[in-house]
Amino acid sequence: MTKEQWLAIKNCDKSCDGEFYYGLTSTKKVCRPSCPKPSYDPKRIVVFGTLREALDAGYQPCSRCRPDVPDWSGAKNELSRSAAKLIREHSTEKFSLPALAETLHVDPSYLARTFKSVVGCTLLTFHNTVRCEAAQELLAHSGLSVSYIASAVGYASASHFAQTFRKIVGCTPSEYRDRYFASLEE
């Protein structure tokens, strides 16, 4: 192992991913240089030029950094992507952080922190944004009432929907519909 390789492993340097892989002799796991793991004794690390070399030597892919998945974006990104997918699929249902965390097999606080750090907003804000996007489509492409649309996208009351819509979109649902149709006439 060169000094540069050790520094890449020690600093979890993503720019070195694919250049080499390293195995831990104690666990027989093979990792990318960017693997978010605890520090290891350099004496227990073996460097491989390719993943195939490590696998042939009897090492198994790490479940944190997934060196066997070429487009792996990291555990936190994958968790956030999974949470976002579930929220989109169940956007009309009442939001429950504990239920979402249980479905994803993670701690609710960890899920909330991770999602906010990766996506840039809270899970609830994301949930409301998804609902408002669906409402925008209905407002623009249907003659349905605001009350009906509120219910259709999952809100219990039209007033709560209108308040949330204004916060997310910047105008009330009625104003949005009026602006949309006004832009078509221009």
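How much space lies in the second largest pocket? The points below take up this question and then turn to the sheet and the helix contacts.

1. The structure under review is a predicted model. Its second largest pocket holds about 210 Å³ of space.

2. The lining of the second largest pocket is formed by Leu 86, Ile 87, His 90, Glu 93, Lys 94, Phe 95, Ser 96, Ala 99, Leu 100, Thr 103 and His 127. By class, five of these lining residues are nonpolar, four are polar and two are charged. Helices α3 (75–89) and α4 (97–104) each contribute at least two residues to the lining. The largest share is that of α4, with three residues.

3. Helix α3 also takes part in a helix contact. Its axis lies 9 Å from that of helix α5 (residues 108–119), and the two helices pack at an angle of about 100 degrees. Since angles of 65 to 115 degrees count as roughly perpendicular, α3 and α5 are therefore described as roughly perpendicular to each other.

4. On the α3 side, the contact with α5 is made by Lys 76, Asn 77, Leu 79, Ser 80, Ala 83 and Ala 84; on the α5 side, by Tyr 110, Leu 111, Thr 114, Phe 115, Val 118 and Val 119. The residues of this contact comprise eight nonpolar, three polar and one charged.

5. A further crossing involves helix α6 (residues 123–141) and helix α8 (residues 158–169), whose axes come within 10 Å and cross at roughly 100 degrees. From α6, the contact draws on Thr 125, Asn 128, Thr 129, Cys 132, Ala 135, Gln 136 and Leu 139, and from α8 on Phe 161, Thr 164, Phe 165, Ile 168 and Val 169. Seven nonpolar and five polar residues make up the contact of α6 with α8, with no charged residues.

6. Four of them form an open sheet of mixed pairing, in the order β3-β1-β2-β4. At its edges are β3 (45–48) and β4 (60–61), each of which pairs on one side only.

7. Within the sheet, strand β1 (residues 21–24) and strand β2 (residues 29–31) run antiparallel and are joined by three bridges. Which residue of β2 stands opposite Tyr 22? The residue in that position is Cys 31.

Definitions and conventions:
Residues numbered from 1 in each chain as written. Predicted model: local features only at pLDDT ≥ 70, side-chain atom pairs only at ≥ 80, totals over all residues. Heavy atoms only, no water. Axes fitted to C-alpha atoms, helices over the stretch in contact; angles between N-to-C directions. Helix = DSSP H or I, 4+ residues; strand = E, 2+ residues; numbered from the N terminus. Contact = heavy atoms within 4.5 Å. Nonpolar A, V, L, I, M, F, W, Y, C, P; charged D, E, K, R; others polar. 1 Å grid on protein atoms, 1.4 Å probe; cavity = no way out; pocket = protein on both sides within 12 Å on 5 of 7 lines; lining within 4 Å. Points joined across faces, edges and corners; volume = space filled by probe spheres on them. Pairing = 2+ DSSP bridges. Parallel < 35°, antiparallel > 145°, perpendicular 65-115°, else oblique.
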